[in-house]
Amino acid sequence: MDLHKLLQRQINKNVPADLQDNPFFQSFIKTVNDSYLSFERDKDLMDHSFQESEKEYNEVHQNLKKEYELKQQSILNLYESLTQLDQGYSSINEDEKNDLLFISKYVSEQITKRKETEKKLFETVQFLKTLLGNLQSGILVVDNNDTILFVNQYLCDIRNINASPDEMIGKKPAQYIGDAQVLFKDSQAYKNRIDEILSRKEIVIGEILETIDNRFFERDYVPIFIDSICIGHLWKSTDVTQRIKSKNLLKQSEERNRIIMNSSLNAIITIDSTGKITFWNNQAEIIFGWKKEEVLGKTLNETIIPDRHKEGHTKGLKYYTETGKGPVLNKQIELPAVNNMGHEFPVEISIIPLEQNGEVFFCSFMQDISERKKTETKLKVQEEKYRNIITNMNLGLIEVDNNEIIQFANQSFASISGFEIEELIGLNPAKTFVFGENLEKLNAKNKLREKGVSDVYQIPVKNKRGELRWWAIGGAPNYDDKGKLVGSIGIHLDITEQKQMEIELESEKLKAEQASKAKEAFLANMSHEIRTPLNGIIGFLRELERQNLTDLQKKYVENSTVASKHLLSIINNILDISKIEAGEMSIEVEDFIFENVISNVVNVLEPLAKKKGLKLISQISKDVHQVLKGDIVRLEQVLFNLIGNSLKFTHKGKIHLKCEVLKDTKTFQRLQISVVDTGIGMEQGYAENIFNKFSQEDKAITRKFGGTGLGMTITKELIQLMNGKINVQSEKGSGTTISFIIDLEKGSINNIKKVQDEINVDISGINVLLVEDNIINRMVAINTLNYFNCLVTEATNGIEAIEILKNKSFDIILMDVQMPEMDGIEATMKIREELKLQTPIIALTANAFKSEVDKCKNAGMDDYITKPFEEFDLIETISRYTNKHGALNDAVKEKDKKLYDLKSLYSIGRDNPEFITKMIIIFIEQIKEVIPNAEAALSCDEFLVLSQFIHKIRPSIEGMGIFSIIEDIKILEKISKEGSDKEKITSIFFQIKDTLLTAVEQLKEEIQG
Amino acid sequence: METKTQFKFFIVDDDVFCANMYNQYLVNMKYDDLTHYSNGSDCIANLHLKPDIIFLDHNMEDINGFEVLKKIKRYDPNIYVVMISGQENIETAVDALKYGAFDYVIKGNDVYEKLELIINKIIAVKEQLKNNYPGFIKRLLSIF
C-alpha cells in the first residue's frame, strides 16, 4: 500500500510495527489514507482557484488604479470649472473644497437652482412670445445674421405678408420686403429708408408711414445691444391710423379754433390771473396796433388801458382773486381804450373769467365802437333835427292805436284842429273831424294801413269850430320794434287855401275848355257860313269869265277871282289851324313819286318867281328813293308855304329848293328839304317866332307883304304831324334858310294811284240829281254841270230828293250835307236803306272837318267835295263814279282785257311772286268750289244759302281786284238775302259767274305764264 | 320800326283766301309768329299756345264766331280778339264788343290799314296797362 507520505511518516513514527500489519489497522489506515488523498485533491483545486483569483484581483486592482487617476483628473477639472462657473465657489473654504462630497452637494444645489431658473426662464420666454404674439403691434426681431428670430402674426397682417410667423423664423427678412413694400405710398422710399436705418444701426422711433389706402403706421427700429455688442434688431410697427386721424382732426379743430379766434371781428385777449397777456388775436392787432409778439407777457395796463383806468384794472384783478367776484365781469360794458399810438377810442368789452386746470384766466372780447358811437350821435342829432322839422313845419302829427284812438298829438295838430292836446288824446279822429261820405274814404285808408301801405291823400274835415277845412294827410302804419302793427301815424297839413285855389282853377279850366269848344264850333260854323256865299262868288266869277267880256272886264273878273281865292285860302288856313288845334288833322299815308311832288310845286310857283325876276331852282339828290310814302297833299302844302314865303320876301336873286338824304335804311329815308332864299331875312333871334300865329317881325312888313300870318304856323304843325323837325337860319338882309327833316317810308311803284287821264272826264249826258238848299250854290253847280252837258234835276232838300228818286233813277247824286227838313246824311241813309239804291252819292259840304267827312261816308256816301269846289274836282269826281258803267257796257268789247288787277295783291305781298301764285291758286279753287254750289242753291230757290256763298267769296274777289263785278256782288248778296227779286238775282248771278270764270281762266294763264 | 313788339297771332277764318291775306298783312308788318286755323274748334283747342292776338272771322261754318270769342275770353280774358266780318251790321259789331272783342273789322280792301291801326292800338293799350301800375309813391317824411 502506498500510503501518504505524511501518514507513513506518522505511522512509522507513532504506530508500532506489530500493529502496522494488523489487518484492522491496515483497513483503518487505508480509509485514513483515502481521506488524505481526497484532501490532497481538494488542496490542489484550492490552490488553482486561489491563483486564478489572485490574477483577477490584480487586474481589477490595475483598473481601479487607472480609474482613480481619471477620477482624480476629473475632480480637478470639476474644481476648475467650479471656480470658473460659480463665483460662490471661491467663497467655499479650501478645506471644504477638498471635500468632494460637499462640492458635490454644492454643485447639486447649484444645479437645482439653475434648473429652477431655467424653468422660470422658459416660462418667461413663453410668456414673452405669447405677449409679443398678441401685441397690437407688428414685431420683427432679426439677428445679426439678418435672420428672422421672431415675428408675430400681426406684423404679417399689417405688412401684407403671406407667410405664417413660424414659417418666417429663420428666414431672411429681405424675402418678405417685396410684399410689404407695395403697401406704402412711396414704396421705393420705404425700402431705401429700411436700408438706411439698417446701415446706421441707431434707434429710430416714431416714424410715420402712410399706406396707399390711407392708413398710417408708426414704425420703431431698435437695435439690440448686449454688452455694447449689437446682436440684432427689432422692428415694431403699429397701426396709428386712428390716432393720426384724430390727431389731424384735433389739429384741424385746433387750427379752426385759432382761425376763428383770429378772424373774429372782436379783439380777443386773454390774460392770466397776474394780468399778463397770454393770447392776442389778429383783430386785437388791428384794433390796438400792437403786434402779438410785442404784447405777450405784458399787462393790459402797459398796453391798452388808458391812464385813468389803470388803477381800477389792478384793483379789479386783486378783488377778483380775493373774492372770486368782479362787478365788470360777464357783461358788455363800454370802456375807453388806447392803441399803440396813444389814441383813445371807445370799445365795447366783455370780460369772461375762465378756469382751466385750476388756473384762472380772463378772456376779453373787444370791439371798436367808435363808428357806432359816431352813428349813434349822428342818429341822435338827426332825430332831433326831424323832431325840430315837425315842430317847426307846423305839420300836425298824431299817433293812433289800432282802435283809431289818438295816443299822441303834437301842438301843431292841436292848432290845426282847434282842440287842445289834452282834449285830443283818446278821441277818434274819424268820428271827430270827418263827415259824410269821406268817412268811407278814411276807413278805406285805415284798411290800407293795416296792410302796411302808406300814402298821402286829401280830405275835407270839420275843425272844432265846425269850419270846413281841407287837410292833406300823410298816413303811415306804425309798428312797434317787433314789427307788430300798433296803429298808424298821420301827418296833417291844412291845405284849405290851396284847395280853394285848386277848385277855382278847375272851374277856370272848365270854362277855358268850354271856350275852346265854342271856338271850334264857331270856326266850323264860320267856315260853313263863309264858304257858302264864297262858293257863289267864285262860281259866278267862273261863269262870268266864260262870257264875252271886254279886256277891262276880264281884268276885273280876274282880280275878283284872285281876291276871292285869297279869301278862301285864308279861310282854309284858319280851318287848318283849328283842325290841327282840335287834333282833327291827320296825315294820310300813300305811295307817291317824290320827284312829281317837287315838280308840281315848282311848276306852279315858277311863273310867279319869273314874274318877280327870281330864279327858282330845285335840286333833288339822286339818292332819294323814287317812291316814298307820305301825305302828298300836306307835303305839297308845306312846300307851297315855304317857297311861297320865300317868294314873298325875296326881291332879287334866287330861291333854292334842296332835297338831301340824311339816312337811308331798308325801310325808310330821312330827308332834309331846305328852301334857301336871298330875301330880306330876319334876326336869328326872331327866327323861332315866325311859327307863332299872326306874327311878323315888323308890323310895317305885314302891311307891305300881306299874308294870313298862319302859313308858317301851319307848316310847323304839319311837319310835326309828320314827325319831322323844322329849323330856321336867317341873317337880316342876306337871306333865310328854312329846312325840315322828315322820315319817309319807302314805297313801291306798284302802289301809285294812277292819275286819272283827263280824257276820261267826259261826263256829257250823265243824269245828275242835285240836292242843295242854297239857291246860289245850286245855280253855281247847275251852271258847271250844264257847261259839261249833264242833265241836272234839282231838289232843295232830302225829302224832295227821295220823292224824286222813287220815280226816276240817276247816274249820280250830288248831295248837300246841311239842309233844312232832311239833311244829306239822313237822306243818304234813306236812299241806301229804304230805297235800296246804289247810285253813287257825292257829298257837297262846306264843312271840311274830318268828323263831317266820316259821317258822310258812314251814311253811305261814296265821296265828298268841299265847297267852294274847283270845277275840275267836281267833274273829275263825277266822272270817276259814273265812268265805270260805261266800262261795264264795254265789257264784251274788252274780252281780252284782264278782268283782274293784282296791284293790291302785289303790294300786300311785297312783290313776292310765290305769294301771288299761292293766292291765285287759292282763289281759283275757291271759285270752282263755290260757283257750282251757289248755282245749285239758286236752282232750289235757296237764296239765303246763295247769299252766304256770295258773301264768302266777296273778299277774295275784292282781293283779286276783279273790280267790274264788285258792285254787282254786293247787290247780289243783298238782294238774295232778301230773296224777293228772283229775276234780278238770276241775271246778276250769271253775269258774275261769267266774269268769274273768265277771270279764272285768265288767272290760270297768269300763273302758268 | 326796327324794334317791333312781337306778338303771337292766330288767324281764324274758314276762308283760306282771306286768312292768307291777313297772314301776308302781318308778315308785311314784320310779324312772323302766325298760325292759321280754318275753324273755331281748332283755335280753341290750341289756346294753350298763348296767342296774344286772335283775328277771328265772325261767320264760320262750324261754330259761330261769337261762341269762339266767348270761349277764348273764358279761357284767357287777356287775349286780344279782333272780330273780322263781312257783315256791315252794327248789331254784330256791338255784340262782338260786348262779348269782349277788342275791335271789329269789316272785310274789305282797307282791312290792311285797319289791322295796322288796331295792332298799334293794342300796343298802346298794353303800354298803358304797363304804365298804370301804381308807381313808387314817394313817401313823404319817410323818417317814420
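**Figure 1. Area buried between chain A and chain B.** Buried area is the accessible area, taken with a 1.4 Å probe, that two parts lose on being put together, summed over both. In this predicted model, local features need pLDDT of at least 70 and side-chain atom pairs count only at pLDDT 80 or more, whereas totals for chains, interfaces and linings use all residues. Chain A and chain B bury about 2,600 Å² between them, with 64% of it on carbon and sulfur atoms. On the side of chain A, the residues that lose the most area to chain B are A:Ile908, A:Arg910 and A:His951, which together make up 19% of what that side buries.

**Figure 2. Contacts between the two chains.** With contact taken as heavy atoms within 4.5 Å, 31 residues of chain A meet 26 residues of chain B. Residues are numbered from 1 along each chain as its sequence is written.

**Figure 3. Elements of chain A that touch chain B.** Helices (H or I, at least four residues) and strands (E, at least two) are DSSP runs, numbered from the N terminus. Two or more residues each come from helix H16 (370-392), strand S15 (485-494), helix H32 (903-908), helix H33 (913-939) and helix H34 (943-959) of chain A. Of these, H34(A) gives the largest share of the side that touches chain B, seven residues.

**Figure 4. Domains of chain A.** The domain assignment, whose bounds come from an automatic or database source, includes domain 1 (5-73) and domain 5 (587-751) of chain A. The C-alpha centres of domain 1 and domain 5 of chain A lie 200 Å apart.

Technical notes. Chains are lettered from A and ligands numbered from 1 in the order in which they are written. Side-chain values use heavy atoms; hydrogens and water are left out.
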